Amino acid sequence: MYSISTQIILFASLMYLVFTWIGSVKASGLLYSRHIEKLHDKTRKVLFWSWFPILPAAAVISPIVWIQQTMDPIFWLDRVCIQAPLVIVPLLTVWLISVPKLFKLRSLTKQIKAEQNALEQSEAMPLETVIYQRAASPALILPFQMTALGALTALYFSLVPPVWFQWLEMSIPLAVFAVATAGLWWRHQMRYRQVGKMANYVIPAFWKRGLTMLSVLAVVAGSAYYLFTIAMNNSELPPEIDMASGTSDYGRQSVLGNGSLPAYNGEKGAMNDSSATMVAVADLSGSREVTPDRRFTLTAQKKTVTLSSGKTIDAWTYNGQIPGPELRVKAGELVEVTLVNEDIEQGVTLHWHGLDVPNGEDAVAGAMQNAVMPGETYTYRFRAEQVGTFWYHSHQDSQEAVSMGLFGSLIVEPKETPLQEVKDITVMTHRWKGAALAIGASDQLERMTIAPGTSVRLRLINTDDWIQQKYTLVGTHFEVAAIDGTDLNKPDILTNTHLTAASGGRYDLAFIMPEHPVYLDVGENDKLGILMSPDGRGEIPTVPRTIAFDPFQYGSPAATPFDASSSFNREFTLVLDNKLGFYNRQMDFLYTLNGHVFPKTPMLEAKEGDLVKTTIVNRGIIDHPMYLHGHRVLVLSRNGKPSTGSPWWTDTLDVQPGETYEVAFVANNPDLWMDHRHNLAHTAAGMMMHLLYERVTTFYSFGSGTQNHSK
């Protein structure tokens, strides 16, 4: 509803501008009527156009009122204090000042027309100067033009919302509105006096009026071009950027009576010691001395790959396959992965999505390492501490790399083998360029033979960029066993329920195989999915009407290391929004964090051991799956209501338009961590920021002048 309201405000603001602009042009044109019939007709048309803006104005104000009545001030403060007055006040001046004068002018022209008809004049008589002076009245014309200027300014604030709400930052557009209004008043006042001094008013020639208008437009266009050029040039990214760029944000900090910060669980990490020295990212890596428990080699190479339907696609692969090989390890094992780049000119890395690894192994090019270029190799080492469903992908030119196929699944199994055998199925969904949606390399219905009574675990992984993927399990009741790699507490039994995974998100579904077919429908397409049955045959069950799964109240509460009542060391607020602007010399509809795009986004600063709470507010018009590297966050509340289900730990939190989430995490993995939207197209457009621990530094950089392009 919020997203629809925002779009209505934007569209109605545009229509309001069009209608008020037409009205202002017609009002200013009254003075150029040569005969009484023409002036009478023009007056009637101006009165007509004084009614027209009311409908779009109401369409602007009504959603603003709804937002103000139902949502927090962060969503409506600028709209109520700036946009609404810019619409309402000038429109009121039209009806309170201009319209009465128009009625008087229309009455006068009607009377003169009647007198001329009574005299049976054969041709229209020229207008008297006093009539022209009435038509030139600033009080008649200016309100219409002020309404158009107000509409333009209101539209500007819709396209470039002021986040945060600060009067100083809004002063320039408001000052332009005020100066333009004052300038028009002065111009009309001068013309009004000139007309009054003339014995016989002579309408300026059309070419003179056109030349004047062209001169004004030239000044406006020149000023706009100058401002656009400055904005475009200022948006250009330098060839080399420090990943730690950004405006430092230390958050709202809780301070004890002695002036010190409270310690989480009474302890602080060594890095909080005043005698601690700077630590480089490269030093925060996995053990290099101990023999690894598992070794893998992944070779990045271009291949032409054949999907199950026979369609061929050009892909970037790990080990020549799509997705890349599934890496399965046991919890606690030391894992070594050697990355070889055979022929990917852009370079590659290996990022372990959702798995909390040492920062030096996180593989963000330009922050933790340099991209691995063709002919080069790089070795990663980390201990797999978390049990669950994860995935890996390149974090060098990640939007293109993931789209082309540089990804695979990473499954961390429990140390102990379960007593009952489990049929474990990984479902990686992806939309391939030049092809349709597929499960891995299968773009057709898959059939599986599973004996009745078998425990089944479906690991759903959405790898697509900017696409929420829908999954519906039909033919059995089931549980959502885990979200983003973390098991849920006492999950409820579900039927007729679909799940929607954000970009990068994961769900684990568990059920006992019945004696009849079970179908996993992917993307609402009865031609793509997995049909499981005792004999590998059977018809696809009809997909019933379903409700959406909501993890917020699912499962049973359980104890957590901290909760909403805990004392937080730092509290941050992130406002997600959209604005029209330049990024690296390209004009676009930008996706912003606290009103900015990287590298001007906030740099969240923390100390090791801090308990951190972050409030995430989505003022924009689309969802944002927010992903913080190196940490899991605990969801505390949504839209002001506390979480009441199983503890919801996540790494990829999908924040819908109009939603506000409070999440918390322990800063227990020191280094420089990327925090971005996992719609990678928007990350590439600057919607990213970082979490930086004190006394951590990096020697890497990224940008057009380097080999690193982490976005």
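Me: Why is Asn639 called partly exposed?

Reply: In this predicted model, Asn639 has 45% relative accessibility. Buried means under 20% relative accessible area, exposed over 50%, and partly exposed in between (1.4 Å probe, protein chains only). Asn639 therefore counts as partly exposed. Residues are numbered from 1 along each chain as its sequence is written. Local features need pLDDT of at least 70, side-chain atom pairs count only at pLDDT 80 or more, totals for chains, interfaces and linings use all residues, and side-chain values use heavy atoms, with hydrogens and water left out.

Me: What makes the phi of Asn639 worth noting?

Reply: Phi of Asn639 is near 50°, a positive value in a residue other than glycine. Most residues other than glycine have a negative phi. Asn639 sits in the loop between β30 (633-638) and β31 (641-642); strands (E, at least two residues) and helices (H or I, at least four) are DSSP runs, numbered from the N terminus.

Me: Is Ala363 buried or exposed, and how do you know?

Reply: The relative accessibility of Ala363 is 0%, so Ala363 counts as buried. Ala363 also has a positive phi, about 70°, although it is not a glycine. Its place is the loop between β9 (351-353) and β10 (377-383).

Me: Why is Asp78 called buried?

Reply: Asp78 has 2% relative accessibility and therefore counts as buried. This residue belongs to helix α4 (residues 73-118).

Me: What makes the pair Asp78 and Arg619 a polar contact?

Reply: A polar contact is a pair of N or O atoms within 3.5 Å; within protein, one must be able to donate a hydrogen and the other to accept it, and residues adjacent in sequence count only if both atoms are side-chain atoms. The side chains of Asp78 and Arg619 make such a contact at 2.9 Å.

Me: How do you know that the buried residues of α3 lie on the same side?

Reply: The buried residues of α3 are Pro56, Ala57, Val60, Ile61, Pro63, Ile64 and Ile67. They cover an arc of only 160° around the axis, which puts them on the same side of α3. The arc is that of the directions from the helix axis to the C-beta atoms. On the other side of α3, Leu55 and Gln69 are exposed.
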